[in-house]
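Please read the following with the model open beside you. The account starts at a helix and its surroundings, then turns to the aromatic rings.

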Amino acid sequence: MKNFELKNGIKAAYKQNKNTPRIAICLNIAINKPEKSAGIYSTMNRLFLQGTKNRTSEQLANELEENAIEVSCDMKQDYLRFRMVCLNEDFEHGLEILQDIIENSTFEEFEKEKTKLEGEIPAELDSARTRALDNYVKTLYKNHFYGDTFTRVLENLDNLKKEDIVEAYNEIITTGEKVAVVVGDYDFDKIKELMNKHFGGIKNENIGLAEIPTPTLEKPETVEYIKDDANQAQIFQGWIVPTIHSKEYAPFFVLNTLLGASGLSSRLFCELRDKKGLAYTVRSAYEVNRACANFNIYIATEPKNIQTSLDGFKEEIQKVKDILVPEQELQNAKNNYIGKLQYVTETNMQQAIQMSHYAIMGLGFDYREKFVEQIKKVTAQEIQDIAKKYLNDISVVSILRP
């Protein structure tokens, strides 16, 4: 891997994967401020491929399709991500299109996209799991923009204006830190030349610091949603926990793996599904943002089993608190997670996504190797300590039931 810097100060990295015919680039731009109202950022994200000053949405779509160039934009909680992958011979063409999108998006189809959202969001919320998750997230992050879920966006759509989108994007592009990663088989000097040509002119002065407060949860909350046509109950329970720069970051990934993220071998799966027959689906997740993370457990079960399932969550967490994880189980969880890291970074694009994510979060382009070593060093005592410290009674429970 080679690190370099564009003429405007954007930090970049190139990782060579020999004999790969398609090259990938990821450009991340940090979000420093919460959105002023729910829906601004998510609506903005939908408009980047809907036309620029140089290309209509139809022209843009046709040009990408004709040249097999894939471009996408993702609005994460902490940064805006632009991605492009194409054949090596089309790299400069792809960069020119990406530059046009970043610098010249018009947001002209704002009203059209807003109308689409008014129809799409209710359809999404018709999913029982999505509705329960929506309730969980907006309750956990009450009074914080991390909690701007589908329902909050839908409530605020009528108040959104195109000017809100333009103002928010100007703020992000002007004050957000930027990092770029290229992965593929291409001449390094040519990459530097092309990156400077197409991205060296992006505004990159007056970079601001993140002004996103850390969410807090003061007391336990339970929220219910009644869905008459639901066949199952959907349950989420979660906690606000330490995030990416904490020494407890790696232990939480291992805890998540052994509790519910390792499929058939996870404790929740073995105990609540196989032994007690409470559900077909049960799992845990450790979801990381810059200001905080949340650890949650999810189950889909028969309505009569709601309390039994919640008792099962508590019982499995208590086991972790009371009894040190056996060494073999701990090692299996570590190996499982390290194996997943390998699986989700097989392609050039997957590697570009991961490297640029670590970089924009302040960990460096090469953090993966360091992180694997941190995972290997996690102890059973650390797992027990974080379970005792964070998986307490101050949680949010979201229940959807008929």
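The cover over the buried residues of helix H12 includes helix H9 (249-261), helix H13 (348-360), helix H14 (367-377) and helix H15 (380-390); contact means heavy atoms within 4.5 Å, and buried means under 20% relative accessible area, exposed over 50%, partly exposed in between (1.4 Å probe, protein chains only). Helices (H or I, at least four residues) and strands (E, at least two) are DSSP runs, numbered from the N terminus. This is a predicted model, in which local features need pLDDT of at least 70 and side-chain atom pairs count only at pLDDT 80 or more, while totals for chains, interfaces and linings use all residues. Residues are numbered from 1 along each chain as its sequence is written, and side-chain values use heavy atoms, with hydrogens and water left out.

Which residues of H12 are buried? They are Leu330, Ala333, Lys334, Tyr337 and Leu341. These cover an arc of only 95° around the axis, which puts them on the same side of H12; the arc is that of the directions from the helix axis to the C-beta atoms. Exposed Gln328 and Tyr343 sit on the face of H12 turned away from its buried side.

Tyr337 also belongs to a cluster linked by ring pairs, with Trp239, Tyr249 and Phe252 among the other members. Rings of Phe, Tyr and Trp (its six-membered ring) pair if their centres lie within 6.5 Å; planes under 30 degrees apart count as stacked, over 60 as edge-to-face and the rest as tilted. The count by this rule is 25 aromatic pairs. Phe91 and Tyr186 have ring centres 5.1 Å apart and planes at 65°, so this pair is edge-to-face. Both Phe91 and Tyr186 are buried.
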